[in-house]
Amino acid sequence: MKLYSKDNIKQLASSMKNSGRFSHGFILTGEPGSGRKTAAKYLAMARLCASPASDGTPCGVCRECRRIENDSHPDVKWLEGDTDSGGYSVAHIRDTVADVYVMPNDTDAKFYIIPEGEKLLAAAQNALLKIVEEPPEYGYFIFTAKSPSAFLPTIISRTVTVGVGECTREECIAALTDMGKYSEEDILRAVSACRGNIGKCVSYLEKGEMYELCTAVQDIAAALISSDSYTVLKILSSRKNREDFRTVLNMLDCVIRDSAVIQIMGSRTAVTGCAENASETLASMITRDRAQKLHEVITEAEYLCSSALNCNVQAAACCVTDALSKII
């Protein structure tokens, strides 16, 4: 298993393995698609590998490593949210706690990987607290989330928090190339839209959600540049729901931010949005003050659409389109 741009995780796992003091709890933080789940697998490999290197690095080819990588290891369990709510119910967590006390099947350790820690409400975390504080010798927990703020202070104090950073552009290109599924042209297009986030790049290349979102934002940016208010309104008002609408606004805000950064730095070095060319064009069209006003309009639209007492997506789309057209 290759970990791209995750030297901090490799070093941590190796030092713990060599010292014989492997932490029983981890919180892996980072953006979705940044490799949190891959990092979780790597930590489990580091602990369970049957033939580690002298520095503690898992071999990646033994039976234990291969089963972990293929999601088929009986002692590495991935929790899934409940079907109805998508979150983790207290009953679900209690079942997990009961399972922890069952001895491992094939090895001397059991890992419980709990992704999207934001879905663990306080009651569910409290149900986990005792087992995380005092796990059996063979019990290990790995949580993933965007930020440690998703967890109770008591959970944080019993775990090791590790940041999972996105790759550099070059590392992302290498990772996608190593998959052997995509053309060089498509890879460059995906990396241009999603930067060093391998998961988002894959979604883009597979014509998944990221492809649709990036295309929508790029089309909105192009419409703003050409003063085509109708197209902006058409794209925004076609969003399926409030969350989808807010995601597109967030991504559009990033494109606007990039235009101001390009003005200040004179290059695309710090660009993070999905429409580099549009940001560069906007940088030549609008002042930083106007970019700030555009940001304020988008932020206000997000607030309006997320408030329980406000207008719906279509009405919010009309408001933001009108405001944006006046500023551009």
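Author: The expected span of a helix is 1.5 Å times one less than its number of residues. In this predicted model, helix α1 (residues 7–19) has 13 residues and reaches 18 Å from its first C-alpha to its last, close to the 18 Å expected. Within α1, the residues I9, A13, S14 and M16 are buried. They sit on the same side of α1, because they cover an arc of only 165° around the axis. An α-helix has 3.6 residues a turn, so residues three or four places apart point the same way. The buried residues of α1 pack against β1 (25–29), α2 and β5 (160–163). After α1 comes G20, with a positive phi near 75°.

The largest pocket has a volume of about 870 Å³. Its lining is made of 27 residues, with E31, K200, M210, T247 and M251 nearest the centre. Two or more lining residues come from each of α8 (184–194), α9 (198–205), α10 (209–225) and α12 (242–265). Helix α12 gives the most, with seven residues. By class, the lining of the largest pocket has nine nonpolar, nine polar and nine charged residues.

The second largest pocket has a volume of about 590 Å³. Of the 23 residues lining the second largest pocket, G33, S34, G35, R36 and K37 are the closest to its centre. The elements α2 (36–48), α7 (169–178) and α9 each give two or more residues to this lining. Its classes are eight nonpolar, six polar and nine charged residues.

Methods
Residues numbered from 1 in each chain as written. Predicted model: local features only at pLDDT ≥ 70, side-chain atom pairs only at ≥ 80, totals over all residues. Heavy atoms only, no water. 1 Å grid on protein atoms, 1.4 Å probe; cavity = no way out; pocket = protein on both sides within 12 Å on 5 of 7 lines; lining within 4 Å. Points joined across faces, edges and corners; volume = space filled by probe spheres on them. Helix = DSSP H or I, 4+ residues; strand = E, 2+ residues; numbered from the N terminus. Nonpolar A, V, L, I, M, F, W, Y, C, P; charged D, E, K, R; others polar. Buried < 20%, exposed > 50% of the residue type's maximum accessible area, 1.4 Å probe, protein only. Arc of directions from axis to C-beta. Contact = heavy atoms within 4.5 Å.
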